[in-house]
Amino acid sequence: MMKKERLEYFRKLLEERRDQLRQSMNRSEEEGREAQTADSAQDLADRASGAYQKEFLFVRSSNERQFLRMVEHALSHIADGSYGECDICGEHINERRLEAVPWARHCIACQEKLERGEVEQPAQER
């Protein structure tokens, strides 16, 4: 069981990251709206550049949403008292790993097995 002070530390860290992601997603949305407005450009090169920018913003926004889900998942585990437990084996995740990746869902052993395809990803992560 993780000490209350450490849980509070990770909660604050995750909340800061969540807020940063939300701000970044809002900026991406605004940039996307601006790119939509610029679509009236006549020049072929401008249209190609605009299409590239929209695709880039879409991918960035999609990655940010996925990352935000991982951060919110970690925050929900703090709230329900299960933060720091591996979603696959239920063992504790090393605190040094959580320092590096506070939104980690798996211990190192299970993460390596996932990457090698030796275990399946839990349904809630797909």
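Helices are DSSP runs of H or I with at least four residues, numbered from the N terminus. The model shown is predicted: local features require pLDDT of at least 70 and side-chain atom pairs count only at pLDDT 80 or more, whereas totals for chains, interfaces and linings use all residues. Residues are numbered from 1 along each chain as its sequence is written, and side-chain values use heavy atoms, with hydrogens and water left out.

**View A. Helix H2 and the residue that follows it.** Helix H2 comprises 37 residues and reaches 54 Å from its first C-alpha to its last, close to the expected 54 Å (1.5 Å times one less than the number of residues). Gly 81 follows H2 and has a positive phi, near 85°. Among the buried residues of H2 are Gly 50, Leu 57, Phe 67, Val 71, His 73 and Ile 78 (buried: under 20% relative accessible area; exposed: over 50%; partly exposed: in between; 1.4 Å probe, protein chains only). An α-helix has 3.6 residues a turn, so residues three or four places apart point the same way.

**View B. Surroundings of Ile 78.** Ile 78 lies in helix H2, residues 44-80, and is buried, with a relative accessible area of 14%. Leaving aside residues up to four places away in sequence, Ile 78 touches Leu 7, Phe 10, Arg 11, Leu 14 and Tyr 83 (contact: heavy atoms within 4.5 Å). Ile 78 and Glu 8 are 70 residues apart in sequence, yet their C-alpha atoms are 8.7 Å apart in space.

**View C. Aromatic pairs.** The structure holds three aromatic pairs (rings of Phe, Tyr and Trp, the last by its six-membered ring, with centres within 6.5 Å; planes under 30 degrees apart are stacked, over 60 edge-to-face, the rest tilted). Tyr 9 and Phe 10 form an edge-to-face pair, 5.2 Å centre to centre with 70° between the planes. Tyr 9 is partly exposed at 34% relative accessible area, whereas Phe 10 is buried at 0%. Phe 67 and Trp 103 form an edge-to-face pair at 4.6 Å and 80°. Phe 67 belongs to H2 and Trp 103 to the loop between helix H3 (95-100) and helix H4 (108-116), so this pair ties together parts 36 residues apart in sequence. Both Phe 67 and Trp 103 are buried. Ring pairs link Tyr 9, Phe 10 and Tyr 83 into a cluster.

**View D. Arg 105 and His 73.** Arg 105 is placed in the loop between H3 and H4 and is buried, with a relative accessible area of 13%. The side chains of Arg 105 and His 73 make a polar contact at 3.2 Å (a pair of N or O atoms within 3.5 Å; within protein, one must be able to donate a hydrogen and the other to accept it, and residues adjacent in sequence count only if both atoms are side-chain atoms).

Methods. Helix = DSSP H or I, 4+ residues; strand = E, 2+ residues; numbered from the N terminus.
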